[in-house]
Amino acid sequence: MLLQKIETLLSEVKAMKASNAEEVENLRLKYLSKKGEISQLMNDFRNVAADQKKAIGMRINELKQTAMQRLNELKEQIDTQETSGDEIDLTRSAYPISLGTRHPLTIVRNQIVDIFHRMGFTLAEGSEIDDDLHVFTKLNFAADHPARDMQDTFFIETNPDDVAKNVILRSHTSNDQSHYMETHQPPIRVICPGRVYRNEAISARAHCFFHQIEGLYVDKNVSFTDLKQVLLTFARELFGADTKIRLRPSYFPFTEPSAEMDISCHICGGKGCGFCKHTGWVEILGCGMVDPNVLEACGIDSSIYTGYAFGLGVERITNLKYHVADLRMFSENDVQFLRQFEAAN
C-alpha cells in the first residue's frame with residue numbers, strides 16, 4: 001500500500017503546474033512542508049517491514065528530490081515570464097529621462113551675442129589654435145614687446161627663426177579680428193566669441209582657459225563717442241536701464257587711446273557694498289580705438305578708415321549676473337550647480 005501511494009504522489013509531482021508564485025508556494029506546502037504529503041509518508045515508513053525499508057526509503061527520497069526539482073523549475077518559469085512580459089518595451093529609453101539645460105556661460109554668451117546682433121554686429125568665429133602672426137604680430141605686439149608678458153601663452157610649436165610662425169593656443173579672441181580684417185574691407189562690424197587659454201594657476205579667481213567676446217567696428221569717421229554709446233547701450237540691455245558706465249584710461253597694444261569700462265554696481269545701485277569693494281563700480285571690459293598700425297598690418301588704409309574694439313570676459317559677466325564666487329564651478333560639471341540655471345534657459 002505504501003509503495004503504491006509513493007508512485008501515485010510521484011505521478012502528481014511530475015505533473016505539477018503553476019501560473020504564478022503563489023501557486024508554486026501552495027504546491028510546496030502541499031508536498032514538502034512538515035505536514036505535507038511526503039512528510040506523512042515518513043510516519044507510515046516506521047511500520048514497513050525491515051526487509052522492505054531500503055527499497056521504500058529510496059523511493060521516498062526519489063519522490064522528495066523530484067518534488068524539489070519540479071518546484072524549482074516552476075519557480076524559474078514564473079520569474080522568466082515576469083521579466084519578459086509583453087507589456088515591457090525593450091526599445092524605450094531608460095526612465096526617468098532627466099532633461100539637460102544650457103550651461104550658465106552659454107546662457108550669458110547668447111544674451112551678449114543677441115544684444116550686439118540687434119545693434120548690427122555679425123558673428124565671426126575662428127580657430128583656438130593659431131599662429132603668432134595673427135594672435136600677436138598683426139595686433140601691434142612686437143617680438144620683444146613687454147605687452148607679450150601680460151599674457152602667458154601655451155606654445156604648440158616654436159620657430160626660433162621666425163617668431164610669427166609659432167603655433168600657439170590663442171590667449172584672446174582678437175586673432176579672429178585680424179583674420180577678418182585680412183579678408184574683408186570696411187565697413188566691418190563683428191563680434192568674436194570663443195574660448196581662450198593662458199598659462200595661469202587655477203584658483204577661485206583664475207583659470208587656464210576661459211571665454212571672451214570681442215567686438216570690432218571699422219568704417220569711415222568712427223569715433224570714441226560711437227564706442228561709448230554702443231557700450232552704454234550694451235550695459236543697460238544686460239544689467240538694467242538704470243546702469244551707468246565710466247571709462248578709465250588704460251593701455252592695450254592694439255588700441256590707442258585705450259580704456260577700461262566700469263558699470264555702476266547693480267547690487268547696491270552704486271552706493272557701495274562688499275561686492276564692488278565699496279566703490280560703487282565694477283569693471284567689466286577693456287576697449288579703445290583700433291591702433292592705425294593694426295589696420296595697416298591687416299590691409300586696411302588707416303588714412304581713410306578708423307575703428308574701435310572692445311573685449312569682455314564671459315565668466316566675469318556671469319559672475320556679476322549670478323554671483324558665482326568660484327570660477328572653477330563653471331568647468332566642474334556639478335549637476336546640482338547647473339540645475340540652478342534651469343529657469344534662465
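P257 lies in strand β8, where strands (E, at least two residues) and helices (H or I, at least four) are DSSP runs numbered from the N terminus. The peptide bond that leads from E256 to P257 is cis, with omega near 0°. The structure is a predicted model, in which local features need pLDDT of at least 70 and side-chain atom pairs count only at pLDDT 80 or more, whereas totals for chains, interfaces and linings use all residues. Residues are numbered from 1 along each chain as its sequence is written, and side-chain values use heavy atoms, with hydrogens and water left out.

Strand β8 (residues 255–264) runs antiparallel to β9 and is joined to it by eight bridges, two strands being taken as paired if DSSP finds at least two bridges between them. Strand β9 also pairs with strand β10 (residues 306–313), in the antiparallel sense and over five bridges. Within β9, L285 stands opposite M261, and the bridge partner of L285 in β10 is L312. Eight of the 10 residues of β9 (residues 281–290) are buried, so this strand is largely enclosed by the rest of the structure; buried denotes under 20% relative accessible area, exposed over 50% and partly exposed the range in between, for a 1.4 Å probe and protein chains only.

Most residues other than glycine have a negative phi, and most peptide bonds are trans. N221, in the loop between β6 (209–219) and α8, has a positive phi near 60°, and its relative accessibility of 71% makes N221 count as exposed. Phi of N333 is likewise positive, near 55°; N333 is placed in the loop between α10 (314–322) and α11 (335–338), and counts as exposed at 56% relative accessibility.

Turning to helix packing, helix α5 (residues 104–118) and helix α8 (residues 224–239) pack at an angle of about 135°, with their axes 10 Å apart; axes are lines fitted to C-alpha atoms, for helices over the stretch in contact, and angles run from 0 to 180 degrees between N-to-C directions. The two helices α5 and α8 are therefore oblique to each other, given that angles under 35 degrees count as roughly parallel, over 145 as roughly antiparallel, 65 to 115 as roughly perpendicular and the rest as oblique. Contact, meaning heavy atoms within 4.5 Å, is made by Q111, I112, I115, F116 and R118 in α5 with V230, F234, E237 and L238 in α8.
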